[in-house]
Amino acid sequence: MLTPDLTGRLLVAMPAIDEGIFARSVVLVLHHGDDGAQGVVLNKPVDAPVDAVLDGWQEHVVAPEVLFQGGPVGLDSALGVAVVPGLAQREIPGVQRLFGGVGVVDLDSDAAPVMAAASGVRVYAGYAGWTAGQLEAEVHERSWYVVDREPGDILTDDPTTLWHRVMRRQPGRVALAAYFPDDEDYN
C-alpha cells in the first residue's frame, strides 16, 4: 500500500473513532516519512492558560488563548506551532520551517523575533505520533479522511467547530459524516 507524503495535510477522524483525544479530531500532520508520522490535534483546547506549563508565551498565543492537547504522546512536553507568512523564503530565529509558512517554534527562544514575523502561534501539550506504517494502515482502514488544509484551519479562533466545518466542505458522501450525531442513540 503506497501512501503519498501527508506532511502538511489534515487527518479528519471518521465518526467510527468515537472516544479519546481523536474523537472528532482534526490533526495537522507535521511530519510523515518512512520512520512514521507526527502531528498535532488542532481542535482540542484545554481549560488551562499557556502560562500554566510554559512561562513567557501566554501573551503571544492566538485566540482562544489557552493550551491545546496536541495528542496523547509526550503530554509533559510543550510544542509551539507558528504560521509565518514568507517563511519558505527566509529564516526566522526560533522557528524551524516544516512546510509552506508553517514551522515549529523553539519555546526556549526569545519570543520577540518569532512574533515580529508570525501571524500566530499556538502551544500544544503533547502530540500525535504513529510508528512506521501505522498511519498508512489507519488511512487504509478509513479511520482518517485525508484532506487539504485551508488558510484558517491551523489557527482557527473557533476550534470546537473545526471538525464539522472541515467535514462539511468535503465533496460527495464524506460531507454527510459532519451530520452524524455525537451519540449514536440519537441517530
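Where does arginine 142 lie? Arginine 142 is found in the loop between α2 and β9, where helices (H or I, at least four residues) and strands (E, at least two) are DSSP runs, numbered from the N terminus. The structure is a predicted model, in which local features need pLDDT of at least 70, side-chain atom pairs count only at pLDDT 80 or more, and totals for chains, interfaces and linings use all residues. Residues are numbered from 1 along each chain as its sequence is written, and side-chain values use heavy atoms, with hydrogens and water left out.

A look at the overall fold comes next. Three helices and nine strands make up the secondary structure of the protein chain, and along the sequence they follow the pattern β-β-β-β-β-β-β-α-β-α-β-α. The radius of gyration is 16 Å, close to the 16 Å that the globule rule gives for 187 residues, so the protein chain is as compact as a globular protein of that length. Here the radius is taken over C-alpha atoms, and the globule rule is 2.2 Å times the number of residues to the power 0.38. Along its principal axes, the C-alpha trace spans about 50 × 35 × 30 Å.

Of the 187 residues, 48% count as buried; buried means under 20% relative accessible area, exposed over 50%, and partly exposed in between (1.4 Å probe, protein chains only). The protein chain exposes about 9,600 Å², and carbon and sulfur atoms supply 50% of that area. Such areas come from the Shrake-Rupley method with a 1.4 Å probe, and for residues only the protein chains shown count as cover. As for charge, there are 12 positive and 27 negative side chains, with the centres of the two sets 10 Å apart. Lys and Arg count as positive and Asp and Glu as negative, while His and the chain ends are not counted; the place of a charge is NZ of Lys, CZ of Arg, CG of Asp or CD of Glu.

In soluble globular proteins, nonpolar side chains tend to be buried together. A nonpolar core is a set of buried Ala, Val, Leu, Ile, Met, Phe, Trp, Tyr and Cys residues joined through side-chain atoms within 4.5 Å. The largest one has 42 residues, of which Leu11 and Trp144 touch the most other members. Strand β2 (residues 26-33) gives this core its largest share, five residues. Apart from it lies another core, of 19 residues, including Val50, Ile92, Ala111 and Val114. Leaving aside residues up to four places away in sequence, the contacts of leucine 11 include Val26, Val27 and Val29, as well as Trp130, Trp144 and Tyr145.

Strand β2 also holds leucine 30, which is buried at a relative accessible area of 9%. Beyond residues up to four places away in sequence, leucine 30 touches Thr7, Gln38, Gly39, Val40, Leu79, Leu98 and Phe99. Leucine 10 lies 20 residues from leucine 30 in sequence, and their C-alpha atoms are 9.5 Å apart.

Most residues other than glycine have a negative phi, and most peptide bonds are trans. Arginine 142 has a positive phi of about 65 degrees although it is not a glycine, and this residue is exposed, with a relative accessible area of 68%. Serine 143, in the loop between α2 (134-140) and β9 (144-147), is buried at 19%; its contacts, not counting residues up to four places away in sequence, are Val12, Ala13, Met14, Ile17 and Glu138. Arginine 24, likewise not a glycine, has a positive phi of about 50 degrees. That arginine 24 sits in the loop between β1 (10-13) and β2, and counts as buried at 15% relative accessibility. The peptide bond from alanine 63 to proline 64 is cis, with omega near -5 degrees, and proline 64 is placed in the loop between β3 (36-41) and β4 (68-69).

Two exposed positions complete the description. Threonine 160, in the loop between β9 and α3 (162-168), is exposed at 57% relative accessibility; its C-alpha atom is 7.9 Å from that of proline 45, 115 residues away along the chain. Aspartate 76, in strand β5 (residues 73-83), is exposed at 76%.

Definitions and conventions. Contact = heavy atoms within 4.5 Å.
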